[in-house]
Amino acid sequence: MVMAVAFWLLTACGENGEPEQKPAAPVLPAGHFALGADISWVTEMESRGMKFYGAGARPMECTELLSERGFNAIRLRVWVDPKEGWCNVEDVLVKALRAEALGMGVMVDFHYSDTWADPGHQLVPEVWRSLGSGEMASAVAEHTREVLSLLKSHEVKVLWVQVGNETSDGMLWPTGRASRHPSQYAALTKAGAEAVREVYPKAKVIVHLDAGHDIGRYNQIFDILEKNEVRYDLIGMSVYPYWAQLPWKQCVDQAVANMSALHRKYGKEVMVCETGMPVDEPEEAYLMLKYLLLRSAAAKVCRGVFYWEPEAPAGYNGGYRLGAFVRGRPTKALKAFEEFSWFQQ
């Protein structure tokens, strides 16, 4: 198995990026490695009349299309009380049921906000703004239980749960800003993680940061969680050469090296919860994704890779350009996932 992966690592980066032949046998057991996509925008896109097409220009629902292309998992963000309703608990349920019907794994990504949460924005939900730190931890737990209990009541098999999104400096600022209030950030994370285990005892709790190439921010956050005895299962990474402003091979190499270093230090495996490349560079995106998938799998401490919003066309939602669809059809970029799925059949 290891020799097979090593061989494909070499062929993945030849001059033209094309492998010389298909693998003779699977290199990973079925279900071992998540090939995922975050398609949280999909219901909003459908409401705007946007369509998706499979082979032969056949109209298809997006989740089914991705399943046909080798994806085995879907990631869905959830906001507390979003103004337009998208990504609230009911919307998450609609999308989760589609994935469940296809036998795909489901990851739930709690932002603990009414809108985007990321390294530059961790806004407290409107209804929580008057709460003290202890009350806010209780609100985190209650919200987590509410969302997951609804999914469980509809028999959705949630496999992974993110407690916060790209919490590189904590969440729910200023209360849970890790650089200022590390123990309060740890308490909020602990509250969410414990609520996950109440509803889905076997689900893997993920703590997710951005910039997988930068190990410094990972040491800072996970040192805080270790010091405060917060239980979690997986370290989540975002790996974006575009945002890192690095050549894609250098960015991937650094992220994979960090996976191994983090595993040695904290004893935790890793999930690449987000990645992406510019939609107008499908060949480069294909090569990067193939390299990332193979390098991550070969490291033996990574449990999967998720593309962030591949279904989005260029410029969607105010300018997002890291999707992997053009005119409702997947670009060559996603061929990397399809090819890798052959290894698991």
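This is a predicted model: local features need pLDDT of at least 70, side-chain atom pairs count only at pLDDT 80 or more; totals for chains, interfaces and linings use all residues.

**Entry 1: one leucine**

I started with L188: leaving aside its neighbours within four places in sequence, I found it in contact (heavy atoms within 4.5 Å) with S133, M136, A137, V140, M171, L172 and G176. L188 sits in helix α6; helices here are DSSP runs of H or I with at least four residues, strands are runs of E with at least two, and both are numbered from the N terminus. L188 counts as buried because its relative accessibility is 1%; buried means under 20% relative accessible area, exposed over 50% and partly exposed in between, with a 1.4 Å probe and protein chains only.

Residues are numbered from 1 along each chain as its sequence is written, and side-chain values use heavy atoms, with hydrogens and water left out.

**Entry 2: two helices**

How do α6 and α7 pack? I got an angle of about 75 degrees between α6 (residues 182-199) and α7 (residues 215-227), with the axes 9 Å apart. Axes are lines fitted to C-alpha atoms, for helices over the stretch in contact, and angles run from 0 to 180 degrees between N-to-C directions. So α6 is roughly perpendicular to α7; that label covers 65 to 115 degrees, with under 35 roughly parallel, over 145 roughly antiparallel and the rest oblique. I saw P182, Y185, A186 and T189 of α6 meeting I221, I224 and L225 of α7.

**Entry 3: the barrel**

Next I followed the strands: eight of them form a closed barrel, β1-β2-β3-β4-β5-β6-β7-β8, with parallel pairing. Two strands pair if DSSP finds at least two bridges between them. On average, neighbouring strands are turned by 25 degrees against each other, direction ignored.

**Entry 4: the core**

Which residues touch the most other members of the largest nonpolar core? They are L151 and F222, in a core of 108 residues. Such a core is a set of buried Ala, Val, Leu, Ile, Met, Phe, Trp, Tyr and Cys residues joined through side-chain atoms within 4.5 Å. Helix α10 (residues 282-299) gives the largest share, 11 residues.
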